[in-house]
Amino acid sequence: MTKFRYIIYALALVIFACSDLEEEPVGLLAPEGFFKSPQDVQTVINGAYGNMATEAFWGRKLSLPLMLRSDMVTIGDVGTAARRIDYDRFTVSADNGMITSFWPKSYQIIAGANEAIAGAESLGLADEEINPVVAQAYFVRAYTYFHLVQLFGDIPYLDTPVDNLEEATKISKTSEADVYTNIIADLKFAKEWLPDNQSTRALPSKAAAAGYLASVYLTMGDFPNAYTEAKYVITNEAKFNLELVADFQDLFDATKQQGQKESLFSIDFNGFSDGDTGRDYQGALTGIRANERTDGRTEIGEGWSVAVPSVKVYNTWDGRDYRKHVSLDTIGVFKGVVQPFSYFPTASALNIASAYCAKYTRFPGAVSLGNARGTEQNYSQMRYAEVLLIAAEALNETSPGTTEANGYVNRVRARARNRSGVLTNFPADVPTMSQDAFRTMVLEERKWELAFEFKRWYDIKRRNLGPQVFGAAGLENQTGFDPTRDYLLPLPSDELQRNPNLMPNNPGY
């Protein structure tokens, strides 16, 4: 076994203090001789999950760019690191430190999945015994490549362990179309073999695989298949133990997330961290500078005012919408005095006069460090509400004007009318409308329902909304946006230097 494979494999195995998944820590393991049972395969898959819950992936380096790239969030503290500002202003270069961190971490996650798949094959077990376990690895691989292909387009596609360093430096890019074909194949395998339910939503189930298939097809513009997969989840919601959480606020209360039935798949944090492993930063990045925060139990500390909604988000969002109240902080506490957001720049020159994101600061649970770094938040990667909206959007494209499509949106809106047990009359049910009007409406519904949940940039990209949403009439006027360049990120320069076969870089970089 070469040194390269040994290192990649070891990096995929982490200590699970970072996750609600329970697993004994493992040290440096060689693949040969390690795989003796399905539990060994599960151990390696759990390592891939652990790598998701690191600062270099979902903790900050991938999640923050997704948030900043959207039209819902801009930079508050203009003195923050330039690598963050570049995402917001569309001035990202190939040596951006965010890219050079989450790109290799993504391939470490994929390496762990590939090792698990290869290890499972080496056991020679019957499909019925091993496939329900290894299907998780297929899901993890598809999930990770889905992020990469949406962000970068053509990318290196690896579906087997890399055994030789020399070979690794000669890998070329796989076309975006072929990457999507492979993602779909992985998710179909996962859908076939994953169980209907898992012990935790941090493990993917059959519903998670089908939900991601629906999302992949929607991204590709394959609306019939997007509807079919979303409808499959909806039809089987009872079997898959899915439902909309009654109170929208509870979705973002870390003390109430365990046992909720809305998430199809989540990345779990539990308030502990080993360095940057297991540490999430969203509370710190989105919090208000100088704010004397508390969730009623714990002093949390001020935020960093990095990723902040523009004031247009607050002004545009209908104040009758309970989701606005849950999603935005309009007040802060400074020297013991409650102040409106117009006062935020007075409290600290690093703040802007706008409502701040509240989803990750209001109820973070236990924290391992100040500023809400290392919380108990579980980050749902797909919620059942999104599946309902996928079904509505896809059905409108194939059969416009159906009461069925209206009904899916109405389910999401009905939950939004439940203001902590008090029913309101807003938002109203969807009226009869044209196909174009429905398309606009459902994208707006996704914008508010999934606000600050790292989905908006992908919606902007797949619907080519950039010139509209980043124009003068949009929520965030960004004159630097170039539709011929900015729907893709540059491949990292250090990877291109190591492997010239990945050239040329994406257009404009």
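Biologist: Where does proline 427 lie?

Modeller: In this predicted model, proline 427 is in the loop that runs between strand 10 (422-423) and helix 18 (435-449).

Biologist: And which form does the peptide bond from phenylalanine 426 to proline 427 take, cis or trans?

Modeller: That bond is cis, and its omega is near 0°.

Biologist: What about the bond from methionine 503 to proline 504, cis or trans?

Modeller: The bond joining methionine 503 to proline 504 is also cis, with omega near 0°. Proline 504 belongs to the segment that comes after helix 21 (493-498).

Biologist: Let us turn to the whole protein. How many helices and strands are there?

Modeller: The protein has 21 helices and ten strands.

Biologist: What box do the C-alpha atoms fill?

Modeller: Taken along the principal axes, the box is roughly 60 × 50 × 45 Å.

Biologist: What percentage of the residues is buried?

Modeller: Of the 509 residues, 61% are buried.

Biologist: Now the backbone angles. What is phi at asparagine 241?

Modeller: Asparagine 241 has a phi of about 60°, which is positive although the residue is not a glycine. Asparagine 241 sits in the loop between helix 11 (223-235) and strand 2 (263-268).

Biologist: Why does asparagine 241 count as partly exposed?

Modeller: Its relative accessibility is 32%. Partly exposed covers values between the buried limit, under 20%, and the exposed limit, over 50%, so asparagine 241 at 32% counts as partly exposed.

Biologist: What about alanine 290, where is that residue?

Modeller: Alanine 290 is in the loop between helix 12 (282-286) and strand 3 (307-308). Its phi is near 70°, again a positive value in a residue other than glycine. With 28% relative accessibility, alanine 290 counts as partly exposed.

Terms used:
Residues are numbered from 1 along each chain as its sequence is written. This is a predicted model: local features need pLDDT of at least 70, side-chain atom pairs count only at pLDDT 80 or more; totals for chains, interfaces and linings use all residues. Side-chain values use heavy atoms; hydrogens and water are left out. Helices (H or I, at least four residues) and strands (E, at least two) are DSSP runs, numbered from the N terminus. Buried means under 20% relative accessible area, exposed over 50%, partly exposed in between (1.4 Å probe, protein chains only).
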